[in-house]
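Student: I've got a protein model open on my screen, and I'd like to learn how to read it. Can you take me through it feature by feature?

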Amino acid sequence: MAQPGQDAKFFQRGKIEEFRADLQAAETKDKKFVKRKTVLKKIVANITMGNDMSPLFTDVVQCLGTPLLEIKKMVYLFLVSYGRSRPDQIHLVIPNFLQDCNDRNPLIRALAIRTMSYIPIPVVTDALGDNLRHCLKDRDAYVRKTAAICVAKLYSADPRRAEKGGFVEMLRDLMLDSNATVVANAVAALSEIGDRQDGVIFKLNLTTANKLLTALGESSEWGQIYILDSLLRYVPQKHEDAETMAERIIVQLQHANSAVVLTTIKVLLYLMNYMESRRLIDYCCKKMGPPLVTLLSSGPEVQYVALRNILLIIQRRPAVLKNDVRVFFCKYNDPIYVKLAKLEIMYRLARAENANEVLAELQEYASEVDIDFVRKAVRSIGRLAIKVEAAADNCIQTLLNLIETKVTYVVQEAVIVIKDIFRRYPGRYEGIIPTLCANLDSLDEPESKAAMVWIIGQFANRIDNAEELLDDLLYTFLEESVEVQLALLTAAVKLFIYKPSSEKARELVHKILKWATEEVDNPDLRDRGFMYWRMVAINPAVAGEIVLAEKPPITTDSDRMDRGALDQLLLHTGTLGSIYHKNPETFIRNAAGKALVDSPALNAHSRAVLIPLVPVQLPPGIIQVPGPGPIESHTQSAVSDVPATGPGDSGGTSAPPPVPKSKIVEGEVEEDLESDQDEGTPERNGSTAKDPYSNLDGAFGNYLADEPRPMGANNAGRHEEDDLLF
């Protein structure tokens, strides 16, 4: 075996002619194949560097007859790189493939079958079929585990051949193999096939799931991840099944690999939806905390992945880390993206018991040098005041202290959050308005200026110089952003309603209404100006009731993700979807969605917010209509006169073969996809079948989760702590 670093000399750009000459020269006096091995190493090094070595195809292929394993590996590596780009020459290698598939050495058998699966060319795929079938039943476990992955590659290249050849069923049988590595590879291959939208639906029954758990302890790290991930395809039918499975996998939380830990947490969160024992749910939540905290001692990248996952987990299961808020205090050397993620988690974990501790930490952050971080810290102080009423007084005092620093961006963020605090606690903190008005000149951003204008207008009856303040702000009305203009317009109308006898208020409202209706191009602003003008002109008393109507209370419910969407996202814990906080099908083309499946064991709370998975609508066979083109008439008779080609038409092209129906592989049971879909899909009535637009139901399939819904209907009972925990 070559010593580390000795192969660096091969990484030099070479010429095709020189390599060809060296290969030909090595055929004469090279009994130990040293020269041939050296030339092949140079060729592989050039492939690694991105140089095109495909002209050497025939010369390299001739080396396959060499009985040395190291040379075979390099030749097969060459074929993986250039085999599919040389379909006219690949037939030269087929005899060697067939010979190596029957070699006595299991490494060579596995190498040959692996290389063939990498070349999705019909002539290679034809030769692969029988040999792959033999390798799946090979006496050596290494060959079987390699063949399992080859089935997934064959399915990717030719799904019909893989299904007709019975390879999917053979993979299912390999899940019961005596070797744990073979089991893990079979599960990985079936998972990859099952994730395809046009593939088989991979499900597990209780017997197979228990046998997979038996192989879990003997598998490698990545094998454990595949096996654990496949458990999401098992739907418990009894509470006891889910509880037993959770007790068997909870030991994996002690694993050193962060991916195994996150996958275990994902499976536990999934199984909790099917558990009945409150004691076991609390025990699982308690056990999940320490491993998540341990992940925070890793590098910043792993920390960020863990923090984004924790943010989802604590929204669904607040008990997991409810006493560990100190763990998320920021360190001086944390990257900004880690600090911002920790800041959000600190706010989520804040309660009346730890609010003062969190507030003191946030106040420290407000004096940092990073402007974005400081802004988020100040805004978190305001959100804390809204969330925890007991800490509101201390939060207001902290905000006032920050305003006294006269730092522009700190003052602006403080004004923004104080506006929300006024709405959350009406009549409690209006005494600080003079302090805010004294800092009016330091506000230069639209959001903060609009917040200050709202405060002036809402409390114009308590601010003695409200007219002067609004008059100063109106000097730049036409240059302001639309957000500020809308706030100024509403504030001026409120001022007029509060002080109808004030000549200054009349003058201000007339001036701003005239600007809004005559000199502004924005339609929203102009329409609101006309509306206010008519209301004030016709009946000022009614205008006051509308403009000064009681505002809905501000709560922190809007910060919380919808429960059904949260359950769906937690099925992607440890993946890219958990970092983006989006389902993978929304940003990855052809990704298969996941959702909780209803069963007798599903909790009532989880069933109430269940989001069904939108079934994939495969396109039907191509519809062929003869004739010059579409008929323009809109009458039913004209449409019915168009003769469509049927199976008995002799003229025209033959109809394409129908799309094969997907199958369900469930441990030891296979079913047709139609029966699975019919359970949750109501049968269409006759009128729908005749409706020409009936097939548009799934036109926006992936966006059904984003369909706007009334807050009250979906979130009824979300204030209850039991609902969150269960």
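This is a predicted model: local features need pLDDT of at least 70, side-chain atom pairs count only at pLDDT 80 or more; totals for chains, interfaces and linings use all residues.

Student: How many helices and strands does the protein have?

Tutor: Helices (H or I, at least four residues) and strands (E, at least two) are DSSP runs, numbered from the N terminus. Here they come to 37 helices and three strands.

Student: And what share of the residues is buried?

Tutor: Buried means under 20% relative accessible area, exposed means over 50%, and partly exposed is in between (1.4 Å probe, protein chains only). Of the 726 residues in the protein, 47% are buried.

Student: How do I read contacts along the chain?

Tutor: A contact means heavy atoms within 4.5 Å. If you take the contacts between residues at least 6 apart in sequence, 68% of them join residues at least 24 apart.

Student: What does the side chain of N273 reach?

Tutor: For that you need polar contacts: pairs of N or O atoms within 3.5 Å, where, within protein, one must be able to donate a hydrogen and the other to accept it, and residues adjacent in sequence count only if both atoms are side-chain atoms. A polar atom of the N273 side chain lies 3.1 Å from the backbone oxygen of L269. The side chains of N273 and R316 are joined by a polar contact of 3.4 Å. Setting aside neighbours within four places in sequence, the contacts of N273 include R317, D567 and L596.

Student: Now empty space. How do I find that?

Tutor: Rolling a probe the size of a water molecule over the atoms shows where empty space is left. On a 1 Å grid over the protein atoms alone, a cavity is a set of points where a 1.4 Å probe fits but cannot get out; a pocket is an open set with protein on both sides within 12 Å along at least five of seven lines; and lining residues have an atom within 4 Å of a point. Grid points are joined across faces, edges and corners, and a volume is the space filled by probe spheres set on the points.

Student: Which element gives the most to the lining of the second largest pocket?

Tutor: That is α15, with five residues. The second largest pocket has a volume of about 750 Å³. It is lined by 31 residues, and D195, D229, K266, T575 and K594 lie nearest its centre.

Student: What about aromatic rings?

Tutor: A pair of aromatic rings is described by the distance of the centres and the angle of the planes. Rings of Phe, Tyr and Trp (its six-membered ring) pair if their centres lie within 6.5 Å; planes under 30 degrees apart count as stacked, over 60 as edge-to-face and the rest as tilted. The structure holds 11 aromatic pairs. One of them is F78 and Y82, a tilted pair at 5.0 Å centre to centre with 55 degrees between the planes. F78 and Y82 are separated by about one helical turn because they are four residues apart in helix α4 (residues 69–82). Both are buried. In W454 and F459 the ring centres are 6.2 Å apart and the planes are at 90 degrees, so that pair is edge-to-face.

Key:
Residues are numbered from 1 along each chain as its sequence is written. Side-chain values use heavy atoms; hydrogens and water are left out.
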